[in-house]
Structures are given as C-alpha cells and as structure tokens.
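Subject: Handing over a structure

Dear colleague,

I am passing on the structure below, and after it you will find an account of what was found. Please keep the structure open while you read, so that you can look up each place as it is named.

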Amino acid sequence: MTPDQTPPDLTPHHLKEEVLERSKTIPSSWYVHPAYHKLDQDRIYARTWQYVGSAARLAAHGDYMTDTVAGNPVVIIRDKAGDLKGYFNVCKHRGGPLAMDACGHSKVLQCKYHGWTYLLDGSLRGVPRFDRTELFDKKDFGLDPVCLREWQGLIFACLEPDHAPPFDEVMEGISERIAPMDLSTLRFHVRDSYDVKSNWKVYVDNYLEGYHIPLVHPDLMTVLDFRSYQTEMLKHYSLQFSPLAGDTMYGSKDDQAFYYFIYPNIMLNILPGRLQVNRVDALKSDSCRTIFDYYYDSITPEDVKGRIKEDLAFSDQVQAEDIEICEYVFNGLASRAYDQGRFSYDLEGGVHHFQQCLKRSYRAVLDEMGAS
Ligand code: FES
Ligand SMILES: [Fe+2]
C-alpha cells in the first residue's frame, strides 16, 4: 500500500478497543473514505464465510448457481459424486463467464465466450482451435476453486479460508440455540435485492440495534415485544432476540424471534417456520446491495397468496424504512459536522460489538503494514 492509498484514521489510537460504556463510535472516515473499500473487500469480505444460497436448490448432478463473493463472480455446482464444488466464474482463457444465469443445469462448465470446457473437478478439458498454440498445457489452466461449507442446508463460501476463522468456530452454538428448529427443513422461496446509497457499515450498524425501531419502524413495534428485546455478543456473531408481541402473523407470544448477525455482513432472521437470510455486499465506498433470501416451512399456493405475500410486503416496508434512514445517515457521516459519536449501553451493544470486530480486522492490516 503506497502512502496515498493509506486509509485515513487507521491508527493505533482509532483501533484501540474500549468497553461499551466508554467507547466512541468508529471514525466517519471508515465509512466514507474510498480507500476503505478495497481494504474491506480484500481483508474482511474475502477472509470471512459468505452465505451464497440453499444447498437443496442444487439437488441433482449438474445443478448450479452463480453469485458474487467479495466482489468476485463465483459458480457453485453439484458434481457426479454428489459433492458441491465452488469455482471462480472466470475462464482462464480471457476471463469469460462459465455461467451467466443465476441458476441452471449443466454437466460441464463451458465458457460462454469462446467455448473452453471444464470438467466439474475444475480441470480444463476442451480447447477449440488451439492446435498451433505453442508451450500450452491444459493442466496449467484449471479453474480456481472456492472453498465451500454447508450448515443447516445453507451454503457458505470463502475466498481465503487460510486467513479466515474456522467455519465451525464461527457458527458455534447457533444450531443448539435455535433447536428444535432445523433450518435445513425449510425451503427456499425467493431472493430479493435492494441497492442502498450508503456504505455497507451504515447498513450493518443499523441492523444491529433496536434503538431506532420506535421512530423508524412504528409498525414493527406491534410484532416484537420491544421491552423484552435483548442482545448477546459472542466472538464471531451477535444475537438480538425478543419474544413475539401476542398473536401476530409470525406466531404467538410464546415464540421467539432470533436475529443473528455473523461478522461481517450476514444476517439470519429466524421466526417460527420462516428464515430470512440477508447478505450486505459492499459495491463501492458509497453504495451497497442487500440480498434477502426467504425460506419457509411450507410453500403451498395458499401460503404464497397468504402469509408469504404478507411477510414479503411487510419486509419490503421495513426495508424501505431502513434504506431511507441509512442514506440520510451516510450523508450525515460524510458531512463536516460529524466524526465520532457514543453508544446507548442498553440498546447499541450489537453495534459496538461489530465495530470492535472491525477494529480487529483493521489492526491485522496495520500490523502487517508495520511488519513489511
Ligand atoms: S474467455 Fe473463455 S473461452 Fe475465451
Ligand atoms: Fe431497521
């Protein structure tokens, strides 16, 4: 990293971890300065486990899906032995795509540009019209693999597993906590996505606190028992939970809502018989995309017309409210009027936890810069 690319405020002073009661929020430059975007992609997103989709959607040999992980195109495909394989969706000839649809079926991966063909173990098999190219060995042009893990029927991918925390350690305790619910029994229904004119960290901060619910989401107050809302912080994730407020479309007051945030950008929103997974992708320093995947215990035509339709409409409303406030906040953080704020001990512990995780990621960068 040359000096002019060095992100501002990446200093031991700003990286110091403080307890919630005494901590300031992270400096505004961490949200708004463009130098942080590449750092976030390379040192945070590429080194963590990113949710990509439902394993049950890739049931048969040759079923595939495409996605973007840490800004990189990937393809995930079921091979003949029944294993899931992940590859960068990038042909080794001149960078063409092996698959262009969001999902599909193919027994080989054929580049859509000039037709190079790869087997599902990633090896290059067919190379049309290459007889006169010298010193060319197909063995040197296999696809780059992407590491995958499956958990409760969900697929996670990591671009740099050697630099990421072990997957089982990241997810430790979640299955036990949500039992007897088993997410792998739910079926994928639909993916929505929303583009937000804000840095991704603003969106994550906002997700992690219930402080804004009374003003920003008055209708959500009728679904959640806001007074019983609690947050727990663990090493790689935090959990917000609350009982449901009486009988709602999501269940009764004996039921719990679990809102898991897995650092840095994955959310599992779990209600009885229903899972919504969010992934917040950093697009640029001033924009992000939030992916919403919906899973349900039953998807009959009546469900799709009734409770699922109602759930999607309500989520859409809450999301519109969050997007509007996040875009205002991003402009506020970018203004000359703001640098650092403080936390509510009762209601912003999750934001503090996220920001401490960020400090740890950035400290590793600073330590490496100092060592080199
Ligand atoms: S880029 Fe893939 S075959 Fe040319
Ligand atoms: Fe919100």
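For the count that follows, Ala, Val, Leu, Ile, Met, Phe, Trp, Tyr, Cys and Pro are taken as nonpolar, Asp, Glu, Lys and Arg as charged, and the others, Gly among them, as polar. By that scheme, the lining of the largest cavity consists of 13 nonpolar, 10 polar and three charged residues. Please bear in mind throughout that this is a predicted model.

The cavity

When the whole structure is searched, one cavity of 30 Å³ or more is found, and the volume of the largest cavity comes to about 470 Å³. Its lining is made up of 26 residues, of which Tyr 207, Leu 220, Tyr 259, Val 318 and Asp 322 are the closest to the centre. Helix H6 (200-207), strand S15 (266-271), strand S16 (274-284) and helix H9 each give two or more residues to this lining, and H9 gives the most, with five residues.

The iron site

Which atoms coordinate the iron ion (ligand 2)? The donors are NE2 of His 212, NE2 of His 217 and two OD atoms of Asp 322, at 2.0 to 2.7 Å. The angles among these four donor atoms run from 54 to 152°, and the site is classed as irregular. For four donors to count as tetrahedral, all angles would have to lie between 85 and 135 degrees. Along the sequence, the donor residues follow the spacing H-x4-H-x104-D. Because His 217 lies in the loop between helix H7 (213-216) and strand S12 (230-233), while Asp 322 belongs to helix H9 (residues 307-334), the pair ties together parts that are 105 residues apart in sequence. Both of these residues are buried, His 217 with a relative accessible area of 2% and Asp 322 with one of 10%.

An enclosed strand

Strand S10 (residues 154-158) has five of its five residues buried, and it is therefore largely enclosed by the rest of the structure. In a regular strand, the side chains alternate between the two faces of the sheet. In S10 both faces are covered, with Leu 154, Phe 156 and Cys 158 buried on one side and Ile 155 and Ala 157 buried on the other. Strand S1 (residues 50-54) pairs with S10 in the antiparallel sense over four bridges, and Ser 54 has Leu 154 as its bridge partner there. Strand S9 (residues 145-151) is also antiparallel to S10, over five bridges, with Leu 148 partnered by Ala 157. S9 and S10 form a hairpin with two residues between them, and Gln 152 in its turn has a positive phi of about 50°.

An open sheet

Elsewhere, three strands make an open sheet in the order S6-S7-S8, with antiparallel pairing. Strand S6 (109-110) and strand S8 (124-126) stand at its edges with a single partner strand each, so one side of each has no neighbour in the sheet. S6 pairs with strand S7 (residues 117-118) over two bridges, and Gln 110 stands opposite Thr 117 in S7.

Finally, Asp 367 lies in helix H10 (residues 349-371) and is partly exposed, with a relative accessible area of 45%. Asp 367 and Pro 12 are 355 residues apart in sequence, while their C-alpha atoms are 9.8 Å apart in space.

With best wishes

Definitions and conventions
Residues are numbered from 1 along each chain as its sequence is written. Chains are lettered from A and ligands numbered from 1 in the order in which they are written. This is a predicted model: local features need pLDDT of at least 70, side-chain atom pairs count only at pLDDT 80 or more; totals for chains, interfaces and linings use all residues. Side-chain values use heavy atoms; hydrogens and water are left out. Two strands pair if DSSP finds at least two bridges between them. Donors are N, O and S atoms within 2.8 Å of the metal (3.2 Å for Na, K and Ca); water is not among the atoms, so sites may look incomplete. Four donors count as tetrahedral if all angles lie between 85 and 135 degrees; four count as square planar and six as octahedral if opposite donors are over 155 degrees apart and all others between 65 and 115; anything else is irregular. Buried means under 20% relative accessible area, exposed over 50%, partly exposed in between (1.4 Å probe, protein chains only). On a 1 Å grid over the protein atoms alone, a cavity is a set of points where a 1.4 Å probe fits but cannot get out, and a pocket is an open set with protein on both sides within 12 Å along at least five of seven lines; lining residues have an atom within 4 Å of a point. Grid points are joined across faces, edges and corners, and a volume is the space filled by probe spheres set on the points.
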